[in-house]
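Here are my notes on the model, point by point. Please keep the structure open as you read.

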Amino acid sequence: MEASVILPILKKKLAFLSGGKDRRSGLILTIPLCLEQTNMDELSVTLDYLLSIPSEKCKARGFTVIVDGRKSQWNVVKTVVLMLQMTCLGLAL
């Protein structure tokens, strides 16, 4: 999947790889949720794209996912966490 295909979705900044790493050198994926941002299909497409970017070596170290739900409702946060479990089943999070 190319970024140019999903560029309008990426511009919404539903999730991003900050470039930071955790203690075990795993990449940090941040999902900043807010009230008007509840389109789970677009978030899923964004996650699929972002998780396809790192090399296999980086993916093997796993990811640390930060779901910032301070500006969102609990049911949205819970849905995102469940979606992450389904999306990243083959990856070490």
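1. Asn75 sits in helix α4, residues 74-87. Helices (H or I, at least four residues) and strands (E, at least two) are DSSP runs, numbered from the N terminus. Asn75 is partly exposed, at 43% relative accessible area. Buried means under 20%, exposed over 50%, partly exposed in between (1.4 Å probe, protein chains only). Arg24 lies 51 residues from Asn75 in sequence and 31 Å away in space, C-alpha to C-alpha.

2. The model is predicted: local features need pLDDT of at least 70, side-chain atom pairs count only at pLDDT 80 or more, and totals for chains, interfaces and linings use all residues. Residues are numbered from 1 along each chain as its sequence is written, and side-chain values use heavy atoms, without hydrogens and water.

3. Strand β2 (residues 27-34) has seven of its eight residues buried, so the rest of the structure largely encloses it. β2 pairs with strand β1 (residues 16-21) in the antiparallel sense, over three bridges; pairing requires at least two DSSP bridges between the strands. Leu27 in β2 stands opposite Lys21. In the β1-β2 hairpin, with five residues between the strands, Ser25 has a positive phi near 70°.

4. β2 also pairs with strand β3 (residues 63-71), in the parallel sense, over seven bridges. Here Cys34 has Lys71 of β3 as its bridge partner.

5. Which residues does Leu47 contact, leaving aside neighbours within four places in sequence? They are Ala15, Leu29, Ile31, Met83 and Leu84. Contact means heavy atoms within 4.5 Å.
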